[in-house]
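Dear colleague,

I am passing on the structure below, and would be grateful if you could read it alongside the notes that follow.

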Amino acid sequence: MKHVWKKLLLLIAFAIVLVLAACGGDSDEASSGENESGSGGDVKTIEFMHLWPEGSSKQHYEIVEGIIDEYESNHSDVKVEVEILSNEQYKEKLKVLSTSNELPDVGMTWAAGFLEPYVSGNMFASLDDLLEGPLKDKFVPGTAEAYAIDDTTYGLPLELNITPLFYNKAIFEENGVEVPETFEEFKQVVQTLVDNGVTPIALGNKDRWTGSMWYMYLADRIGGPQSLNNAINRTGSFEDPALVQAAEELKSLVDMGAFLNGYNGLGNDEAKGYFINEQAAMYLMGSWDLPEWTTNEDNPQEFRDSIGYMKFPVVEGGEGDKDSFVGGPGVGLFVAENSDVKEEAKDFVSFFVEKWGEQSVEKAGVIPATKVDTEGTDLPQMYVDVLNDLNQASNITLYADVQMSAAVAEVHLDMIQALFGDAVSPEEFVKEQENALAQEE
Amino acid sequence: MNKVMSNKAVIALYVLPALILIVGLIYGPMLLTGYYGLMEWNGMATMTFVGIENYIDLIQDPKFWESAKHSFLLAFFSTLSLAGYLIVSLVLAGKIKGSDLFRKIYLIPMLLSSVAIAQLWIKIYDPNNGMLNSLLMSMGVETPPSWLADTNLVLYAIFVAILWQYAGFYIIIYYAALKGIPESLVEAAKIDGANPIQIAYKIKVPLISGVIKVTVVLAIVGSLKYFDLIYVMTGGGPNGASEVIASYMYKKAFDTFDFGYGSAIAFFLLIITLIVTWLTRKLTATEDEVQY
């Protein structure tokens with residue numbers, strides 16, 4: 001009987017070895033591959049993971065390919081190995097890779113809240129030397145800062161977005177309303193549209209960040225850019241009267257029937273559908289949607305021609321001015337802290353950021369985080385206008401849910417939905433968020 | 001051959017691959033989940049052992065109990081709906097014209113993925129352009145509800161979609177069981193003068209009681225861990241009005257990076273499901289199994 005157990009144990013051990021060998025196979029191969037290339041003429045490999053597959057983001061993909069080709073032909077000793085995943089898979093994989101400490105040398109990340117756990121886990125390298133050196137003054141102010149934690153920058157942004165209020169000129173004309181300058185006028189426009197049976201604003205608040213943008217603008221116009229930022233970075237309080245007043249103003253819009261019927265149950269894409277079908281007059285959305293209103297052939301030409309945008313109206317007596325925007329940088333590049341080719345990776349990132357800035361607007365319709373010269377480029381007028389507004393922006397307030405830690409952002413987003421759904425009063429709205437923020441201090 | 005099969009080492013050899021897979025892929029992760037539930041962990045940085053703190057928080061978390069209530073409501077309605085499915089199956093299994101066509105129609109939802117079903121029902125429930133509200137408005141209802149935005153209605157609106165999604169599954173199970181009943185029993189009852197309702201109630205249903213018990217357990221367990229349709233249709237909103245245990249767990253673990261707490265919820269869910277399954281089996285236990 002005894003020898004049976006011995007055999008069994010042996011067998012289990014054997015099986016475990018087999019399983020482990022199968023799991024480890026990948027990294028074994030990778031490291032041996034590196035050795036080979038290392039001995040054969042000192043070619044270094046930079047692993048680069050990005051999230052623009054050829055199928056769904058063709059223009060992005062092609063720009064990236066072009067930049068890599070150019071870089072490789074300039075640096076014969078460096079090879080860039082690319083892995084591409086789509087957005088959600090990318091985020092999942094990044095999480096898994098970081099738990100096993102196998103991040104690619106260069107990859108993509110998002111700002112502030114997303115970055116935080118990776119930085120606290122010491123996964124990303126500081127990129128301050130690039131910002132001091134080759135990339136000094138290349139970025140629009142406020143963009144690279146969104147990737148800084150405790151004054152160290154861990155990512156370099158590729159995109160920058162602001163949030164214009166898009167509107168349908170044809171609907172405005174039909175109902176005899178003008179583009180409002182002040183919030184009082186804005187409310188009158190809303191009232192007129194409601195009276196005429198037109199839905200004033202398309203909003204899909206199932207996603208919650210969509211409603212958050214409305215609140216952020218009102219907070220900015222009433223309390224100035226500091227009030228919300230200070231509440232979040234804890235130099236101020238969320239119970240600031242301006243932030244309460246912003247919630248009250250938002251509630252007054254809700255009570256007027258300004259937003260698309262059933263907004264709390266509709267996703268952003270569904271709400272956008274209403275705007276595109278000309279069933280709603282206005283739509284507050286990030287500039288990443290610019291191609292929809294300019295170059296996207298799926299939308300009829302007359303529709304695209306009838307779309308204009310305005311800056312969010314000012315509130316009388318409020319602190320905020322018209323040139324202050326809600327927005328923020330989109331994805332950025334990181335370099336892994338434990339990369340074997342850190343110097344090369346940093347050099348590649350710096351090259352990539354610069355080339356991307358030159359090509360992304362024209363080729364992919366992306367507004368880069370680096371400064372753009374619109375002279376001599378052939379862009380739709382709306383791009384040029386938005387770019388000019390950006391250059392003259394007095395302030396860009398980073399999206400609140402991105403500024404906050406994941407747990408507090410969840411409270412904020414829930415409260416936004418509750419405020420829109422009339423489930424909390426403006427006082428409760430600020431109180432809950434103040435509590436959540438205070439708890440994290 | 002017999003000699004080989006009685007050799008314990010050989011038996012072990014044959015069982016081992018399956019055993020490794022089951023332990024490694026099912027029981028191992030389950031225990032790991034319970035273990036992670038004892039940690040404060042954001043999913044990547046270092047774990048801190050906090051004992052049963054997560055479980056204590058869980059018991060005091062009103063949002064968790066709210067979502068648990070929704071899960072149990074779903075289990076309740078799913079179990080109730082089984083009666084409806086059974087009636088449909090009884091009709092379909094009888095010799096009526098077109099039963100074949102209807103069987104196929106009921107089966108269609110099973111062929112669609114949950115995400116597709118969710119999209120379909122989102123369109124049906126669309127407050128302004130949707131099929132349901134267009135119908136209501138054409139019947140003279142002036143302000144029909146916005147189903148998925150109304151905190152009082154959203155849960156039931158989703159339940160309808162879920163019950164529709166699973167109708168085919170249960171109907172097919174019942175249909176197959178009913179078809180297995182020997183024709184002679186039904187014939188004998190007919191000769192004794194029983195009407196179709198009596199035949200269904202007194203003969204057919206008792207004969208498939210074993211299958212019914214299985215479906216009750218399936219419906220309850222499936223409801224308690226239900227996730228996908230709700231996640232796509234509302235994400236648990238608005239304001240948690242359609243949150244269920246599984247979607248709350250996902251939100252905690254993946255949206256707020258609280259893996260410890262998420263794991264605690266998952267483990268708690270496992271225990272609840274085990275208890276409820278055991279209870280259901282106890283309550284529906286009968287002594288004699290039906291033999292044809």
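In these notes, buried means under 20% relative accessible area, exposed over 50%, and partly exposed in between, with a 1.4 Å probe and protein chains only; helices (H or I, at least four residues) and strands (E, at least two) are DSSP runs numbered from the N terminus. The model is predicted, so that local features need pLDDT of at least 70 and side-chain atom pairs count only at pLDDT 80 or more, while totals for chains, interfaces and linings use all residues. Residues are numbered from 1 along each chain as its sequence is written, chains are lettered from A and ligands numbered from 1 in the order in which they are written, and side-chain values use heavy atoms, leaving out hydrogens and water.

I begin with chain A. Strand β8(A), residues 165–168, is covered on both faces, with L165(A) and Y167(A) buried on one side and F166(A) and N168(A) buried on the other. Strands count as paired if DSSP finds at least two bridges between them. By that criterion β8(A) pairs antiparallel with β10(A), residues 280–284, over three bridges, and L165(A) has L284(A) as its bridge partner there. Another antiparallel pairing, of four bridges, joins β8(A) to β11(A), residues 307–310, where Y167(A) stands opposite G308(A).

A nonpolar core is a set of buried Ala, Val, Leu, Ile, Met, Phe, Trp, Tyr and Cys residues joined through side-chain atoms within 4.5 Å. The largest one has 142 residues, and those touching the most other members include W214(A), F259(A) and M282(A). Helix α8(A), residues 209–233, gives the most to this core, with eleven residues. Taking contact as heavy atoms within 4.5 Å, and leaving aside neighbours within four places in sequence, F259(A) touches, among others, T199(A), W214(A) and F420(A). A second, separate core of 34 residues includes L86(B), L178(B), I245(B) and I272(B).

Chain B has 14 helices and two strands. Its radius of gyration (over C-alpha atoms) is 24 Å, well over the 19 Å that the globule rule gives for 292 residues, so chain B is more spread out than a compact globule; the rule is 2.2 Å times the number of residues to the power 0.38. The C-alpha atoms of chain B fill a box of roughly 80 × 75 × 30 Å along the principal axes, and buried residues make up 41% of the chain.

With best wishes
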